[in-house]
Amino acid sequence: MFTKKEIEEIRREYPYLNLRVNDHNLIYFDNAATTQKPQRVIDDILKFYREENGNPHRGAHYLAVKATTAYEGARESVRKFINAKSSNEIVFVRNATEALNLLAYSYGMNKINEGDEILISIMEHHSNLVPWQLVSKKRGAKLKYLYLDEEQNIPFEEVKNKVNENTKIFSLSLASNVVGTMPEIKKIIDYVRKNSKAIIILDGAQYVPHNKIDVRDLDCDFMAFSGHKMYSATGIGVLYGKEKLLNDLDVFLSGGDMIEYVYEDKTTFLPSPQRFEAGTQNVEGAVNLASAIRYIDELGIDNIREYEGYLTDYCYEKIKKFDFLDVYTTSNKNRAPVITFNFKEIHPHDASSILDSYGIAIRSGHHCAQPLHRFLGCNFSCRASFAVYNTTEEIDYFINHLTDVRRLLGFGS
Ligand SMILES: Cc1ncc(COP(=O)(O)O)c(C=O)c1O
């Protein structure tokens, strides 16, 4: 695991740590929403605009070629990072949400019919739920959910009971942004493959930033994730898909750079990935994602996972001791680095505002998971989520101020 000294070095690269918020040093625990960026990743944005900015795939001049090389180089970095077979399987999109919508529109709206079933879980983020709801309504299909047990795990029985020959889309999060659950995905995929002909989609938004991922080993058909949750700029995300399946999909957005020939009355389209990247691409974002991947590779994703797991366990053990809190994070230690809880008597927004007055940034609200909150028996919650630059000292400070939240609102002493 990282030593204290190594964490100090890591922290020195984060300019946000120089911010003062309400006269306190900022403690940023909203990493599941978006991570902060290290200086080298910030610098690489400027480097791109200074040295490589052009419109890719469209010109023969120096900068157009530079931009094309940078953009396609970024695609290759992503391919390696998730161990895809070919860089043609890496489609750059805005974020995980766009990747999932692309699948819902290009696949779901065309291939799903009455009587078909779409299976997701109750812990899905809205971006892996609402698109499937729209598909099922439009196409007359049934949307089914896997539910969680008391420890917030997905019981394997649920999978066995809900997968059948009518299951045509199986779309599951690799890690919940609320309860931290990480399903036993290999076992589940294996079962879905053997018992249905469903396409298998994974939402990797909360998993890819923290865990080694190998899409070939998992044998998923598609996977979505976002750059901004893994130390990169916003506005860039990835849709991974098996090449043949991507090329069988209908086009999503159309226009420049995704076509082969355009006639007055018809158009032919390029294969993946260009097929799905209409218009001028977010070259800056892709190049920046590659920079963040270099950063993660340098630290080592296994080291990141181990350290974040340590922080999560540390916080979980402390927070569980407070009887004035309800804690929703799974007790299963194989979990995403999120600690989600509610004060029994206090609204999450009030709690979050008071913590902010001490310089502590946590998330409050439904975290784009309203059905999950209803399932948990609440409407909103507070969430502290960790990244590699957080420390146990920050967690201690946060834990100590939880009692202040109550005291300031007239509960306890
Ligand atoms: C599990 C999960 N899926 C999908 C998303 C959507 O990510 P984005 O907003 O970057 O599209 C999020 C964002 O918080 C998430 O936590």
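D217 and K186 form a salt bridge, with the closest N and O atoms 2.9 Å apart. By salt bridge I mean a side-chain nitrogen of Lys or Arg within 4 Å of a carboxyl oxygen of Asp or Glu. This pair links distant parts of the chain: D217 sits in helix 8 (residues 215–218), K186 in helix 7 (residues 185–195), 31 residues apart. Helices here are DSSP runs of H or I, at least four residues; strands are E runs, at least two; both are numbered from the N terminus. D217 is partly exposed at 44% relative accessibility, and K186 is partly exposed at 44%. The cut-offs: buried is under 20% relative accessible area, exposed is over 50%, partly exposed is in between, with a 1.4 Å probe and protein chains only.

A word on the source. This is a predicted model: local features need pLDDT of at least 70, side-chain atom pairs count only at pLDDT 80 or more, and totals for chains, interfaces and linings use all residues. Residues are numbered from 1 along each chain as its sequence is written, and side-chain values use heavy atoms, leaving out hydrogens and water.

Back to charges. The whole structure has 29 salt bridges. One of them joins R40 and E13 at 2.6 Å, N to O. R40 is in helix 2 (residues 39–51) and E13 in the loop between helix 1 (4–12) and strand 1 (20–21), so the pair ties together parts 27 residues apart in sequence. E157 and K160 also meet in a salt bridge, at 3.9 Å, N to O. Both lie in helix 6 (residues 156–162), three residues apart, about one turn of the helix.

Which residues are closest? The D203 side chain has an N or O atom 2.5 Å from a ligand nitrogen. A polar side-chain atom of S226 is 2.6 Å from a ligand oxygen. The protein buries 89% of the 390 Å² that the ligand exposes when taken alone. Those areas come from Shrake-Rupley with a 1.4 Å probe; for residues, only the protein chains shown count as cover.

Last, the overall fold. There are 14 helices and 17 strands. Of the 413 residues, 57% count as buried.

How values were computed. A polar contact is a pair of N or O atoms within 3.5 Å; within protein, one must be able to donate a hydrogen and the other to accept it, and residues adjacent in sequence count only if both atoms are side-chain atoms.
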